[in-house]
Amino acid sequence: GITLATLYAGNGWLGRFIEPLGFKVAYTPVGIVVALTFITLPFVVRTLQPVLETLGREPEEAAASLGASRFTTFRRVIVPELLPAWLTGFSLAFARSLGEYGSVIFIAGNLPYKTEIAPLLITIRLEEYDYNGAVAIAALLLVASFVCLLVINLIPLLFEKKAKRNG
């Protein structure tokens with residue numbers, strides 16, 4: 001978080017070049033997305049990597065021998081294989097990002113009603129001795145994470161039913 005804020009601030013290594021162009025990253029929602037992307041990308045990679053390793057070239061070559069274009073091969077052969085893993089990785093990343101604090105706190109800027117994050121709101125409520133408010137926010141995050149995990153576990157079942165219907 002500190003590194004990203006330093007890089008993308010107005011006087012940072014990258015910020016000094018992109019802010020004059022009208023792209024402000026540090027202390028904006030864009031900065032939050034950048035930080036969360038760095039933090040959660042490994043979840044997507046870890047779910048996609050095994051699928052990519054087992055995919056092989058045979059289905060692509062078979063599609064090409066049947067006259068399919070590269071785009072059609074990508075859309076009808078590769079994407080259906082990758083979609084369940086991609087959705088799972090994205091869901092895991094989203095569930096992880098709900099409670100992220102350390103990497104986001106510095107680049108977010110904590111501007112009220114603009115770049116506040118839920119974990120920061122929990123900390124503020126605790127500092128104000130508003131334990132009920134802190135518990136309410138934390139419970140909401142917990143429920144959202146559980147819903148994400150439920151969806152993650154349902155994704156393979158949905159694709160299995162679709163595959164049985166089609167095949």
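Mentor: Let us begin with burial: a residue is buried under 20% relative accessible area, exposed over 50%, and partly exposed in between, with a 1.4 Å probe and protein chains only. Of the 167 residues of the protein chain, 30% count as buried. Bear in mind that this is a predicted model, in which local features need pLDDT of at least 70 and side-chain atom pairs count only at pLDDT 80 or more, while totals for chains, interfaces and linings use all residues. Residues are numbered from 1 along each chain as its sequence is written, and side-chain values use heavy atoms, with hydrogens and water left out.

Trainee: Why is E100 called buried, and what is R96 called?

Mentor: E100 has a relative accessible area of 8%, so E100 is buried. R96, at 34%, is partly exposed.

Trainee: What makes R57, E60 and E61 one network?

Mentor: They are joined by salt bridges that share partners: R57 meets E60 at 3.7 Å, N to O, and R57 also meets E61 at 4.0 Å, N to O. A search of the whole structure finds three salt bridges.

Trainee: How do you know which of R57, E60 and E61 are exposed or partly exposed?

Mentor: R57 has a relative accessible area of 53% and is therefore exposed, whereas E60, at 24%, is partly exposed, and E61, at 47%, also counts as partly exposed.

Trainee: What makes up the secondary structure of the protein chain?

Mentor: The protein chain has eight helices and zero strands, where helices (H or I, at least four residues) and strands (E, at least two) are DSSP runs numbered from the N terminus.

Trainee: How do you know how the radius of gyration of the protein chain stands against that of a compact globule?

Mentor: The radius is taken over C-alpha atoms, and the globule rule is 2.2 Å times the number of residues to the power 0.38. For 167 residues a compact globule would have a radius near 15 Å, but the protein chain has 21 Å. Its C-alpha atoms fill a box of roughly 65 × 45 × 20 Å, taken along the principal axes.

Terms used: A salt bridge is a side-chain nitrogen of Lys or Arg within 4 Å of a carboxyl oxygen of Asp or Glu.
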